[in-house]
Amino acid sequence: FKGKQIKIIVGFTAGGIVDLWARLFTQYMSKYIPGNPDVIVQNVPGGGSMVAANHLYNIAKPDGLTLGMVSTGLYFDQLMGRKEVQFDWGRFGWIGSPVRNFEVLTMRADTPYRSVEDIQKASQPPRCGTTGTGATGHYFPKFIDESLGANIQIVLGYPGNRDVEVAIERGEVHCYAITKEAFLRDPGRSWLKKGFVRALVQGGQKRDPLFPDTPTIYELMDKHKTPEELKRFASVLLSPGAIGRPLMTPPNMPAERLKVLRDGYAKMIADPEFLADAKKREWDVEYISGEDLEAMAKKAVNQSPDTIARLKKILAE
């Protein structure tokens, strides 16, 4: 890698949480890659990061010089057979992830939707913005609707989460679903402190200390007597958070080169300066190895016809 440049393709606009993680990597990763190559970020937004994923899979060379960070829910689109998908999720190369996650649905506090029950009774559904299918802002509200009967209107097509946040500030949309980790960067954290938004549902198995008064989706499914098959399906649909924010390579990467990248990434994640930098941003680091990500990715796209049929039903636009 000496004298070379590694490019991280980010499937969203600048300023979002995926972009911010990638830019943090550029400050530390070179130190742990043989030859100390330059590492830069290139933003390639579109289709909720579908454009970037297709580029990484079909155009980028498997030489370790082009990496990618995209939405971890894109494999839903593959399972559903969407024509836009030009990749096989399980065949990407997986380097590592700095975090595990869960989903949270947040709503402007000046709306009448103070709880899931308010949405259930509403004559007009709230509007939630998102980047595209497969994004947290798409699949989590869809599942809330399916499992709890809380109708939410999804507004697709924003280039990045920051664009959704601007739309919320302007009142174009009322809400969005986002990962906890993404929400903890501003404006989300300050919104919560100021009371501009409230969290209505969280996707974790138990309540997070940041949202002690917000019920989990599992609590709500028990409360509203959601059918058992939908409760079981939650573990499939809500699994992108477990993958976190993975750094990926094109398919067919030579094993020895992938190992170099994985080893360098693991050393970076353990770097005290990297950890201090992440802590300063109030990001919790929980390393997931490339080997574990690879196993999860292959398992994610190995689903039964019944599961795929239910996925198609829930995530239909």
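Helices (H or I, at least four residues) and strands (E, at least two) are DSSP runs, numbered from the N terminus.

**Ground rules.** I am looking at a predicted model, where local features need pLDDT of at least 70, side-chain atom pairs count only at pLDDT 80 or more, and totals for chains, interfaces and linings use all residues. Residues are numbered from 1 along each chain as its sequence is written, and side-chain values use heavy atoms, with hydrogens and water left out.

**Entry 1: lysine 225.** I found lysine 225 in the loop between α9 (217–223) and α10. Its relative accessibility is 71%, so lysine 225 counts as exposed (over 50%; buried is under 20%, partly exposed in between, with a 1.4 Å probe and protein chains only). Its phi is near 55 degrees, a positive value in a residue other than glycine.

**Entry 2: glutamate 282.** Next I looked up glutamate 282, in the loop between α13 and β11 (288–289). Here too phi is positive in a residue other than glycine, near 65 degrees. Glutamate 282 is partly exposed, at 42% relative accessibility.

**Entry 3: a cis bond.** Which residues does a cis peptide bond join? I noted aspartate 186 and proline 187, with omega about 15 degrees. Proline 187 lies in the loop between α7 (180–183) and α8 (188–194). A reminder to myself: most residues other than glycine have a negative phi, and most peptide bonds are trans.

**Entry 4: aspartate 277.** Is aspartate 277 buried or exposed? With a relative accessible area of 9%, aspartate 277 is buried. I located aspartate 277 in helix α13 (residues 272–280). Its side chain makes a polar contact with the side chain of tyrosine 28 at 2.9 Å (a pair of N or O atoms within 3.5 Å; within protein, one must be able to donate a hydrogen and the other to accept it, and residues adjacent in sequence count only if both atoms are side-chain atoms). Leaving aside neighbours within four places in sequence, aspartate 277 is in contact (heavy atoms within 4.5 Å) with Leu24, Gln27 and Tyr28.

**Entry 5: two helices.** I then traced Trp21, Leu24, Phe25, Gln27 and Tyr28 in α1, which meet Glu273, Phe274, Asp277 and Ala278 in α13.

**Entry 6: serine 239.** My last stop was serine 239, in the loop between α10 (228–237) and α11 (240–243). Serine 239 is partly exposed, with a relative accessible area of 23%. The C-alpha atoms of serine 239 and glycine 73 are separated by 8.4 Å, although these residues are 166 residues apart along the chain.
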